[in-house]
Amino acid sequence: SKKLTIGMIPADGIGREVLPAAQRAIEALGSSIPKPTFVPLLAGFELFTRTGQALPEETVDSLKHECNAAMFGAVSSPSRKVTGYSSPIVALRKKLDLYANVRPVKSVDGTSGRKVDMVIVRENTECLYIKEETQTTTPAGKEARATRLITERASRRIGQMAFEIALNRPNRHLTIVHKSNVLSVTDGLFRETVRAVPKLPEVGGRYDAVTVDEQLVDSMVYRMFREPEVFDVAVAPNMYGDIISDAAAALVGSLGLVPSVNAGDSFVMGEPVHGSAPDIVGKSIANPIAAIRSAAMLLSHLGHHDAAKRIDDAVDSVLREGQVLTPDLGGKSTTEEVTEAVVKRI
Ligand code: NAD
Ligand code: MN
């Protein structure tokens, strides 16, 4: 398609170290894609501590009106409540209606880890992430509550996205992850709504070839560790999707390998699955591959499949050769050296 204007939001921590790698991978494609324009945009906790704003209006405006895609690095959200602060990534997913977080987790021969080739499709707008929390004081002490929102609309569209992804994979299998044995109303609605997707009139038999099963979220984690090779596509409400994707990342050797896109009907934002990694920030050892692969996913989402494949193939060969790896994969190379090795192979 036509223009390629990509908002770049490094945000915090290693987000700032890995996002330039994603940009360099896209630039290395040369004329095989429309000439990209990169728009640097601000967000994050560090920005909040300096300016009182975690997600400036200008950033959202630029994404909505100037850009047709974005890359997000990572944000450092504090574990305790900070008055006035709210995570910009959670807000962006909602503001841009990026209702699906698609997370492919795939092992590469030659790297440590198990044989895994699955896609986790995480609902991205509701569940506990609506962050409606209250605290009261009772005679027995403090009491805190959170509201968990599951809607038919969001469950249906994430379900439809998951069926579509499953249909386009060789095994055509979908696992619905939930906990409706305990949460029969909320997770029950999610499960039933996703189950009903193939029978929707507008779907008209399109997903007949997709086989479906389901797994309670706790046994999902157990089975992912015991026999990860049995899973193909998994669809889950927001929080379970968040948790099982970090677990899946451990199976393939590192969080630094796992990419994602946040996708809606009219916008896409690439984002490595990992966070801001304060334990390694500033050491130039963050693995850039998750960010680079997120850029490839973004391009693929925009229809540039060959360009995406060139990036993925370059990453795969660097991993398979095993000479230039960051310490999370047992290597001694820096972020810059891994980026360089990938760019050279693109
Ligand atoms: P994390 O993903 O930042 O790090 C977990 C572990 O994985 C750490 O040991 C880290 O060093 C390692 N790791 C992560 N990415 C790596 C990479 N690219 N290369 C090498 N090693 C890597 O999770 P955390 O430590 O639980 O959270 C740190 C901060 O990040 C918190 O403030 C949290 O709120 C935030 N966070 C943000 C996002 C996001 O922006 N979407 C996601 C998860 C966590
Ligand atoms: Mn997470």
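Trainee: Which residues of H9 meet which ones in H10?
Mentor: From H9, Ile289, Ile292, Arg293, Ala295, Ala296, Met297, Leu299 and Ser300 take part. They meet His305, Ala307, Ala308, Ile311, Asp312 and Val315 in H10. Contact means C-beta atoms, placed from the backbone, within 7 Å.

Trainee: And by class, what has the contact of H9 with H10?
Mentor: The contact of H9 with H10 has 10 nonpolar, 2 polar and 2 charged residues. Ala, Val, Leu, Ile, Met, Phe, Trp, Tyr, Cys and Pro count as nonpolar; Asp, Glu, Lys and Arg as charged; the others, Gly among them, as polar.

Trainee: What is this model, and how are things numbered?
Mentor: It is a predicted model: local features need pLDDT of at least 70, side-chain atom pairs count only at pLDDT 80 or more, and totals for chains, interfaces and linings use all residues. Residues are numbered from 1 along each chain as its sequence is written, while chains are lettered from A and ligands numbered from 1 in the order in which they are written.

Trainee: Back to the helices. At what angle do H9 and H10 pack?
Mentor: About 160 degrees, for H9 (residues 289-301) and H10 (residues 305-321). Their axes are 7 Å apart. Axes are lines fitted to C-alpha atoms, for helices over the stretch in contact, and angles run from 0 to 180 degrees between N-to-C directions. Helices (H or I, at least four residues) and strands (E, at least two) are DSSP runs, numbered from the N terminus.

Trainee: So what do we call H9 and H10, parallel or antiparallel?
Mentor: Roughly antiparallel, therefore. The cut-offs: under 35 degrees is roughly parallel, over 145 roughly antiparallel, 65 to 115 roughly perpendicular, and the rest oblique.

Trainee: Is the crossing of H9 and H10 left-handed or right-handed?
Mentor: Left-handed. That is when the near helix is turned anticlockwise from the far one by less than a right angle; clockwise is right-handed.

Trainee: What about H1 and H11?
Mentor: H1 (residues 15-27) and H11 (residues 335-345) have axes that come within 10 Å and cross at roughly 15 degrees. That makes H1 roughly parallel to H11. Their crossing is right-handed.

Trainee: Which residues meet there?
Mentor: Glu17, Val18, Ala21, Arg24 and Ala25 in H1 meet Thr335, Thr339, Val342 and Val343 in H11.

Trainee: New topic. How many residues surround ligand 1?
Mentor: 22, counting a C-beta atom, placed from the backbone, within 6 Å of it. The closest are Ser77, Gly256, His274, Gly275 and Asn287. By class, the shell has 11 nonpolar, 9 polar and 2 charged residues.

Trainee: Which domains does the chain have?
Mentor: Domain 1 is 1-104 + 259-346, and domain 2 is 114-251. Those bounds come from an automatic or database domain assignment. The C-alpha centres of domain 1 and domain 2 lie 24 Å apart.

Trainee: How many residues does each domain give to the contact?
Mentor: 12 residues from domain 1 and 16 residues from domain 2. On the domain 1 side, H4 (88-95) and E4 (100-106) are the elements giving two or more residues. E4 gives the most, with 5 residues.

Definitions and conventions. Two residues are in contact if their C-beta atoms, placed from the backbone, lie within 7 Å.
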